[in-house]
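This report describes a sheet with its packed helix, and then the aromatic and charge–ring contacts. The model is a predicted one.

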Amino acid sequence: MRTMVAWVPDWPALVRQAEHAEAHRGGPAPVEALAVLEKGVVLACTPAARAQGVRRGMRRRDAQSRCPDLVVCDHRPEVDARAFEQVLTTLEELSPGVAPLRPGLCALNVPERYYGGEAEAAAVMAEQLVALGVWDVRFGIADGVFVAELAARQATAQDCLVVAPGGNVDFLRDLPVEVLDVPAPADASTPGLDLVTVLRRLGIRRVGEFAALPAPDVLARFGAQGALLHRWARGEEVRRISRRTPPPELVATVAFEPPLERSEAVVFSARQSVEDFVRGLDRAGLVCSTLRIEVDAEVAGDLRVSSRLWRHPRWFGSGDVLDRLRWQLSADPPGGPVVAVRCVPVEVEPLGEHAESLFGGGPDDQVERSVARVQALVGPEGVRSVGVQGGRAPADRRLSAAWGERPVVARPVDRPWPGSVPAPAPATVFTDPAPAQVVGAEGLPVSVSGRGGLSGRPTRFRAAADLAWQPVAAWAGPWPVDEHWWDEAAARRVARFQVVGVDGSAWLMVVENGRWWTEARYD
Amino acid sequence: MGDDGKEGVLVDSIEQVFDDGGVSSPAPSATLVDDLRDRIGRMQGRPSVLSMPTHPALAGLISLQPGGSYAVDAMSLALLLLAGPSRDGAWCAMVGTERVGFEAAAALGVDLDRMVWVPDAGADPASVLGALVDAVGVVMVGGVTLPEREVVRLRARLHRRQSVLVAVGDWPRADARLRLRDTAWTGPQDGHGHLVARQATVEVERGGRVTGSRRLWFPSRELHVAPVADGMSVVERATQRGPIEQVAG
């Protein structure tokens, strides 16, 4: 899916600079060089500070020695989130479906039709944001948020970098492997996936080199999450196993009794449930890339629900979810004590890809998309992939599974199936055998004895109730089959016949307990 | 054929393209029609896809034109039409054909890995067909009746997406209808043996007239599908009731 990411570099620094300008209105010249620090190191700085040598990750003393008039502030993500609200509202007026990734970064659908092109849409948005006072905004457009974000980071100010559809692999090839950084796992007991460090030690520095590794080896060494990143690096679209909404038991709900007033308390109390939520997804083999956080608050005796969609360029870890909750509470204050918080996974991606091994490579996107549309019409079970398996009856030899699911081969096709009907295979296979009638010369039904002897030669037959009687031109059989004789409930003693009518039609019939059924037609 | 005759052929085939009712003049050979259609298509700026690949046994008898719809009266014939594009790598879909035998399909050369099967088209078959036409090369449909309006819309969609519809049973406004006639099986004899090989005549009807037919081994003893070589086989003499037209393959 084409996705646009809008990135405002150094958003925390810009917010604090604006705050300063507001506080010292009419005073001395506005602050130019400013840096926001988190845990004693520079997190963001203004262009003026950067021009004097301040860099991200620098310690306070080093930064101040490079730039003596540097104003330093502490990082307050709540303030950033609240200020970013303005940007989101502006973009939302131009295109629906804006989802923040974090303050300073948001993803949206590309409204290319309306503006006459992807780059044109980005230009209109840049114009609006500049009018708002955000000078440095960069856009990236690509298939999927992951690459779009990386593209935005390579764009110049007020410009847009478009990665052509299907061009993800070329774009990623020369990027350093550091772009594949993933969130820490929710469960502390599982070892962290330090993909980047390990790849560096292995001498793999570019995404292209990582993509060239064999997929089974990546899966064995880095697990399912590493394999998912590997598929992204190879530009393989992740198959949505099904478009069904994630099961409701994956939704995490935290109720507060009594209701909590302060947002810090809400975030702290939700920690355990959020960790369980991410762990639950992991157990289901899923990662969540779009999340809806709903906050129920009590406002003047009424329940007020505020909800917001959050996206993640890769997928949400538990810390990410808590950050989003904190930002949401500060950007959109609940207005009263919080009663409950819900985390609803909106888009999940499977970590494993099951269907690929059996049915060859994944189908192209277009087929996948239209299958999803058909699934919406006839239900997820109504669209199926097909195959052949072993068995005696023609209907048993058909194999099918709901689209995208791994078909269970009950009977391998390469075993001998004594009693099965030799090739050619019938083109029409009755899912439910149709009642048939076969009579001998005297007009009596033909029956088969326990030893396979016939009561008479078949002379006339009727293949189905709605077909006419006709003389038998040729017939072959019986092929007696004693299926499941070891299991009384499933045991079947049947005999099969091939019957050709004088009109040239050929049928596969089965007789069981003196009754005839049509199983297939050689038409 | 003189100049006037050629002129007539050209006009007629244009009529056949734009008017589905067909023409009443002598039918031009299939290759000439294909050739002219391609020229018209190129003049209209359509992609110059001549036709989809067909199974070798049907080569020269029928070619699947992108955007066309074809009605057949036997499941195996429908699968044979699917086999050509499917061998060539096209995706196929089967809609409403609950009774199709996958083994027979695979034996004819249909690639089951590139197959979408919708056994029951549900309450809105037109939308299901429309969605599949957008993505796959050939859609096979059976047991589905659409109102005239939907058939016309589906035709337009087929044209736009350059896909082909193969209907088992009747289909309104089909470009061509294929029938299996005079089928004769060999193999079973009074309880002994089993079905081994079949001969059948594939008859192509365009615009209400039979434009071609061919006697096929369908399948042969080696389970291939191939035209029957000249001269009547023993089987035919044994089972034929009445003369059949012999067409050079």
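## A three-stranded sheet in chain A

Three strands of chain A make up an open sheet in the order β3-β2-β4, and their pairing is mixed. Because β3 (41-45) and β4 (71-74) of chain A each have a single partner strand, they stand at the edges, and one side of each is left without a neighbour in the sheet. On average, neighbouring strands of this sheet are turned by 40° against each other, direction ignored.

Helix α1 (residues 11-23) of chain A packs on the sheet and touches β2, β3 and β4 of chain A. The direction of α1 makes about 120° with that of β2(A). Strand β2 (residues 34-38) of chain A pairs with β3(A) in the antiparallel sense over four bridges; A:Leu37 has A:Val42 in β3(A) as its bridge partner.

## Aromatic pairs

Over all chains, the structure holds six aromatic pairs. One of them is the tilted pair of A:Trp310 and A:Trp327, with 6.0 Å centre to centre and 55° between the planes. A:Trp310 belongs to strand β11 (residues 302-311) and A:Trp327 to helix α13 (residues 318-331) of chain A, 17 residues apart. Both A:Trp310 and A:Trp327 are buried.

A:Tyr522 and B:Trp185 form an edge-to-face pair, 5.8 Å centre to centre with 75° between the planes. Since A:Tyr522 lies in strand β20 (residues 515-522) of chain A and B:Trp185 in strand β6 (residues 176-186) of chain B, this pair joins two chains. A:Tyr522 is buried, at a relative accessible area of 3%, and B:Trp185 is buried at 11%.

A:Trp475, A:Phe497 and A:Trp516 form one aromatic cluster.

## Charges over rings

A:Arg153 lies over the face of A:Trp7, 4.5 Å from the ring centre. The charged end of A:Arg398 sits over the ring of B:Phe102, at 5.1 Å from its centre.

Terms used. Residues are numbered from 1 along each chain as its sequence is written. Chains are lettered from A and ligands numbered from 1 in the order in which they are written. This is a predicted model: local features need pLDDT of at least 70, side-chain atom pairs count only at pLDDT 80 or more; totals for chains, interfaces and linings use all residues. Side-chain values use heavy atoms; hydrogens and water are left out. Two strands pair if DSSP finds at least two bridges between them. Axes are lines fitted to C-alpha atoms, for helices over the stretch in contact, and angles run from 0 to 180 degrees between N-to-C directions. Contact means heavy atoms within 4.5 Å. Rings of Phe, Tyr and Trp (its six-membered ring) pair if their centres lie within 6.5 Å; planes under 30 degrees apart count as stacked, over 60 as edge-to-face and the rest as tilted. Buried means under 20% relative accessible area, exposed over 50%, partly exposed in between (1.4 Å probe, protein chains only). A charge sits over a ring if NZ of Lys or CZ of Arg is within 6 Å of the ring centre and within 35 degrees of the ring normal.
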